[in-house]
Amino acid sequence: MSIIDKAIAAITPPESEEARAKARAKAEKAAQPGDWLSQILTHHREIEAQFAAVKAANDPASRRAEQKKLGLLLTAHSIAEEAAVYPALAADHQVGHAELAYQEQSAAKMEMGLLERVDPMSQDYMDKLEHIEGAVAHHVYSEEGTWFTKLAESASSEELALVTARYSEEYARYMDTRP
């Protein structure tokens, strides 16, 4: 982690686990079975589990394999959100949130690319991985705690159906899980 990253982290500490749990519970309450939000919540949990799998890997080849899985999940998830959910946020008068979300996901993709250039068994690697994990956790907190719950409450049923269809389509396209 760079000196600037460390300074920013000291000034703006991450949300507490309690705050994150409250945000997740709020989003789970707003989600409907099979809708875009329930899919996103599932993917958020999968991403969190994959960060743990990367950390738990105890040799370079295993760590790189788990890192590759993490990258795949993060990219599929971000592409689906960028194509389906963020335009809906903008249409729902949350343009600032949509723009910030795009920026945060772009930064995460870049950081994941930089992680590939670091010795997977080094402390620098773990520091960078934890930095990425913290940024993703903050992003998830914003989505689950306010942005997506507001969208779920205020958008029309037609808009939400479109978001569900587009999110599913884009995630499946990237993950190549189409029937």
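Predicted model: local features only at pLDDT ≥ 70, side-chain atom pairs only at ≥ 80, totals over all residues.
**Notebook: ring pairs, a helix contact and a loop residue**

Residues are numbered from 1 along each chain as its sequence is written, and side-chain values use heavy atoms, with hydrogens and water left out.

**Aromatic pairs**

I searched the whole structure and got 3 aromatic pairs; rings of Phe, Tyr and Trp (its six-membered ring) pair if their centres lie within 6.5 Å, and planes under 30 degrees apart count as stacked, over 60 as edge-to-face and the rest as tilted. The ring centres of Trp36 and Phe148 are 5.5 Å apart and their planes stand at 70°, so I wrote this pair down as edge-to-face. It links distant parts of the chain, since Trp36 is in helix H3 (residues 36-56) and Phe148 in helix H6 (residues 123-154), 112 residues apart; helices (H or I, at least four residues) are DSSP runs, numbered from the N terminus.

I then looked at Tyr86 and Tyr102, whose ring centres are 5.1 Å apart with planes at 80°, so this pair is edge-to-face. Tyr86 lies in helix H4 (residues 60-91) and Tyr102 in helix H5 (residues 95-115), so the pair ties together parts 16 residues apart in sequence. Tyr86 is buried, with a relative accessible area of 0%, whereas Tyr102 is partly exposed at 34%.

**H5 against H6**

How do the axes of H5 and H6 cross? I found that they come within 10 Å and cross at roughly 160°, the axes being lines fitted to C-alpha atoms over the stretch in contact, with angles from 0 to 180 degrees between N-to-C directions. That makes H5 roughly antiparallel to H6, a word kept for angles over 145 degrees.

I finished with His93, which is found in the loop between H4 and H5 and is exposed, with a relative accessible area of 74%. Its phi is near 65°, a positive value in a residue other than glycine. Most residues other than glycine have a negative phi.

Definitions and conventions: Helix = DSSP H or I, 4+ residues; strand = E, 2+ residues; numbered from the N terminus. Buried < 20%, exposed > 50% of the residue type's maximum accessible area, 1.4 Å probe, protein only. Parallel < 35°, antiparallel > 145°, perpendicular 65-115°, else oblique.
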